[in-house]
Amino acid sequence: MTVEMKQVVLEKVAIGQVSAQIYQDGEAAKCSPVLLYFHGGAFLRSGLEDCPLARCFAATGAIVVVPYYTAPLGGVFPHPLEVGFSIFCALAKKRAGFGDRKSLLIVAGAEAGANIAAAVALKARDQFASELDGQVLASPLLDPFMGSASFRNADDIGMRRTWEAGWAHYLSGGICHPYAAPSMCSRLGGVAPALVLTSQDDPLRDETAGYAKQLTDAGACVQSHTLPAATGWPSVYGGTVTDVPTWQEAVGRHFTNFIRDLGPS
């Protein structure tokens, strides 16, 4: 498939207009899954960049909406979540022109964006928003204490200081609600089915696997996959790697299987 990307403005969002990128194959079916994807960047990124993971999902036939979720209200919690949930609510209404009523609606993200996606899934559960069909969490940045064993390898790809600065910025409003750090949430039952992805050489591997287990223990449907090392996976959230990325085929296959198992909306 040939994935095309275009710039749009999401108009029908409660908090106001939001700039976004749309990744879509030109031959995507009308009822293709709609994926609301939150980019990474350690809660610090300004602007929208090309997103390889969004392209990977779009190559499977999904319509991927990547909003500039920190622009309208800023990047300090709870503002990115408020923007993200408002966009989810807009897409839930007849998919806001993307796909159709039969399209699955899924939230997704990588690193800090996966934190936002996980929080949107929690809030959707709490708001009884049954329109959410699933969540895809790629190396979610969930633990503000950054205490996992695998996190000690963050220096290998130059991310430790970035994540420390990112958490300090995101929580600078003085609030550490479970929506801000989903791994600290004690009530995870009833959330949407999850596809959780990491890799053996990912500094966020342990907190990713830990959250997958928390979800499973709470009764959620979870598909968890750890890619082999040296696939270039940390590059999806800005980590510096020397290997040529080779994770796309495996991730595309896992996502396709996840969508198949969710079934029609």
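Buried denotes under 20% relative accessible area, exposed over 50%, and partly exposed the range in between, with a 1.4 Å probe and protein chains only. Helices (H or I, at least four residues) and strands (E, at least two) are DSSP runs, numbered from the N terminus. The model is predicted, and local features need pLDDT of at least 70, side-chain atom pairs count only at pLDDT 80 or more, and totals for chains, interfaces and linings use all residues. Residues are numbered from 1 along each chain as its sequence is written, while side-chain values use heavy atoms, with hydrogens and water left out.

**Figure 1. Overview of the protein chain, with six helices and eight strands.** From the N terminus on, the order of elements is β-β-β-α-β-α-β-α-β-α-β-α-β-α. The radius of gyration, taken over C-alpha atoms, is compared with a globule rule of 2.2 Å times the number of residues to the power 0.38. For 265 residues a compact globule would have a value near 18 Å, and the 17 Å of the protein chain agrees with this. Along the principal axes, the C-alpha atoms fill a box of roughly 45 × 40 × 35 Å. Of the 265 residues, 55% count as buried. Contact means heavy atoms within 4.5 Å; among contacts between residues at least 6 apart in sequence, 77% join residues at least 24 apart.

**Figure 2. Helix α2, residues 79-92.** The expected span of a helix is 1.5 Å times one less than its number of residues. For the 14 residues of α2 this span is 20 Å, and the end C-alpha atoms are 20 Å apart, in agreement. Eleven of the 14 residues are buried, so α2 is largely enclosed by the rest of the structure. The buried residues of α2 include Pro 80, Leu 81, Val 83, Gly 84, Phe 85 and Ser 86. Also buried in α2 are Ile 87, Phe 88, Ala 90, Leu 91 and Ala 92. Just after the helix, Lys 94 takes a positive phi of about 55°.

**Figure 3. Helix α3, residues 112-126.** The 15 residues of α3 should span 21 Å, and its end C-alpha atoms are 21 Å apart, which agrees. The helix is mostly covered, with 14 of its 15 residues buried.

**Figure 4. Two prolines, Pro 72 and Pro 78, in the loop between β4 and α2.** Pro 72 is partly exposed, at a relative accessible area of 30%. Leaving aside neighbours within four places in sequence, Pro 72 is in contact with Ile 15, Gln 17, Val 18 and Val 83. The C-alpha atoms of Pro 72 and Ser 19 are separated by 9.0 Å, although these residues are 53 residues apart along the chain. The peptide bond from Phe 77 to Pro 78 is cis, with omega near 10°.

**Figure 5. Positive phi values at Ser 139 and Met 146.** Both residues belong to the loop between β6 and α4, as given for Ser 139 and for Met 146. Strand β6 covers 134-138, and helix α4 covers 160-170. Phi of Ser 139 is near 45°, a positive value in a residue other than glycine, and Ser 139 is buried with a relative accessible area of 0%. For Met 146, phi is near 50°; Met 146 is buried with a relative accessible area of 18%.
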